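I opened this model to look up a few local features, and I am setting down here what I found, entry by entry.

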Amino acid sequence: MTLASRLIVGLCAFALALSGALPARASVRIKDIAGLQGVRDNQLVGYGLVIGLQGTGDSVRNSPFTGQALQSMLDRLGVNVRNSALRTRNVAAVIVTADLPAFAGRGSRIDVSVASMGDATSLLGGTLVVTSLLAADGQTYALAQGRLNVSGFSAQGEAERLTQGVTTAARIPGGALVERQIPDQLATLHVLSLELRNPDFVTAERVAGAINAFTRERYKSTVAFALDHRTISLTRPPNMSTARFIAEIERLTLEPDSPARVVVDERTGTVVIGRDVKISTVAVTHGNLTVRVTETPMVSQPEPLSNGQTVVVPRTQIEAQQGNGRLAIINGANLHTLVRGLNQIGLKPAGIIAILQAIKTAGALQADLVVQ
């Protein structure tokens, strides 16, 4: 089965799945489409050294900061190497990053990512020496240390080198210990607000309606209203903890609305068409122009005793063919009829992408076209 056939079959299956056996709309929990405004992760960063490499670390010539960092670390440990020539091929300078989750307490562990910043060729087998992780305020919130997990590998011989994956980046699961706790964000929130991950006015109104329907029955009052297409303001009922109130709200389900959108990835030929995409009636034809250039050089031999030289004479043959374009009428009241209309033409993914772009230019595509 060709790539075009697989794409068309996939689109048909997707359309049938949406319009057939499955419910027309799927309900989702509020916690899956919105989060509490102000409660977020905090990014941490630090500079450290990885030791224990098998000669794949930084060179002093190309990465002088590695030698300086190693010297400073040894000074803090009471080892004087000021007048010594350092060889750092077993050491690599790295940048360590981590996300400090909200409400992470002292003593909890978080994952860290490690990436080389010098000319090290591999971090395989290395160990990160204790590194301070700083937040935007310049304070140290965690200390990272541990053995690196490198997903890639690299092998090198005298004349060839084999590398798979990235060997200069690694992770340490649970490699950082939280030393400073972020102030209790939930207690400092004076106004509770939910923030939609995909802003939409219709979805915001549906969220507020679902919450008010729940609180009207349970607390005999309405507590939510949509401020804009992203934010829903909440009023916590009296004598109710914030954590319990948010937990009750996040369990509620509703049907979020989504904009009509077509996403096209020209590099991979991927086309994703939303269910609400519609196309006004248009007639489309698509013809493929194929140009073939063939080089068949010929060798020209001189006549005997002519003192001539053998030369290569270029000869180029160019052929141009244009396929028969099929004319089809496409109108899409829904995704199923749209896919059926595209199937009438029988195109490869590149052709479908070109047609969608042309239909959008003609003003017949009633949806956003996102080209990646």
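**Entry 1: the chain as a whole**

I began with the contacts in the chain between residues at least 6 apart in sequence, and 69% of them join residues at least 24 apart, where contact means heavy atoms within 4.5 Å. The model is a predicted one, so I keep in mind that local features need pLDDT of at least 70 and that side-chain atom pairs count only at pLDDT 80 or more, while totals for chains, interfaces and linings use all residues. Residues are numbered from 1 along each chain as its sequence is written, and side-chain values use heavy atoms, with hydrogens and water left out.

For the secondary structure I noted 8 helices and 24 strands; helices (H or I, at least four residues) and strands (E, at least two) are DSSP runs, numbered from the N terminus. The chain has 372 residues, of which 34% count as buried, and I use that word for under 20% relative accessible area, with exposed for over 50% and partly exposed for what lies in between (1.4 Å probe, protein chains only). I also wrote down an accessible surface of about 22500 Å² for the chain, 52% of which belongs to carbon and sulfur atoms; these areas come from the Shrake-Rupley method with a 1.4 Å probe, and for residues only the protein chains shown count as cover.

**Entry 2: α5 against α6**

Two packed helices are described by the angle between their axes and the distance between the axes. I looked up both for helix α5 (residues 201-218) and helix α6 (residues 242-250), whose axes come within 10 Å and cross at roughly 120°. That makes α5 oblique to α6, since angles under 35 degrees count as roughly parallel, over 145 as roughly antiparallel, 65 to 115 as roughly perpendicular and the rest as oblique. The axes are lines fitted to C-alpha atoms, for helices over the stretch in contact, and the angles run from 0 to 180 degrees between N-to-C directions.

On the α5 side I listed Ile211, Phe214, Thr215 and Arg218 as making the contact, and on the α6 side Arg244, Phe245, Glu248 and Ile249. By class, this contact of α5 with α6 has 4 nonpolar, 1 polar and 3 charged residues, with Ala, Val, Leu, Ile, Met, Phe, Trp, Tyr, Cys and Pro counted as nonpolar, Asp, Glu, Lys and Arg as charged, and the others, Gly among them, as polar.

Phe103, in the loop between β4 (92-100) and β5 (109-116), has a phi near 65°, a positive value in a residue other than glycine. I found Phe103 partly exposed, at 42% relative accessibility. Lys220 sits in the loop between α5 and β12 (224-226), and its phi, near 60°, is likewise positive in a residue other than glycine. Lys220 counts as exposed, at 67% relative accessibility.

Leaving aside neighbours within four places in sequence, I found Leu148 in contact with residues including Val50, Val114, Leu123 and Ile172. The C-alpha atoms of Leu148 and Ala169 are separated by 9.0 Å, with the two residues 21 apart along the chain.

Gly152 lies in that loop between β7 and β8 too, and at 5% relative accessibility Gly152 counts as buried. Not counting residues up to four places away in sequence, Gly152 touches Leu124, Gln164, Gly165, Val166 and Thr167.

Thr97 is found in strand β4 and counts as partly exposed, at 34% relative accessibility. Apart from neighbours within four places in sequence, Thr97 is in contact with Leu44, Val45, Asp111, Val112 and Ser113.

Val178, in strand β10 (residues 169-178), is buried, with a relative accessible area of 1%.
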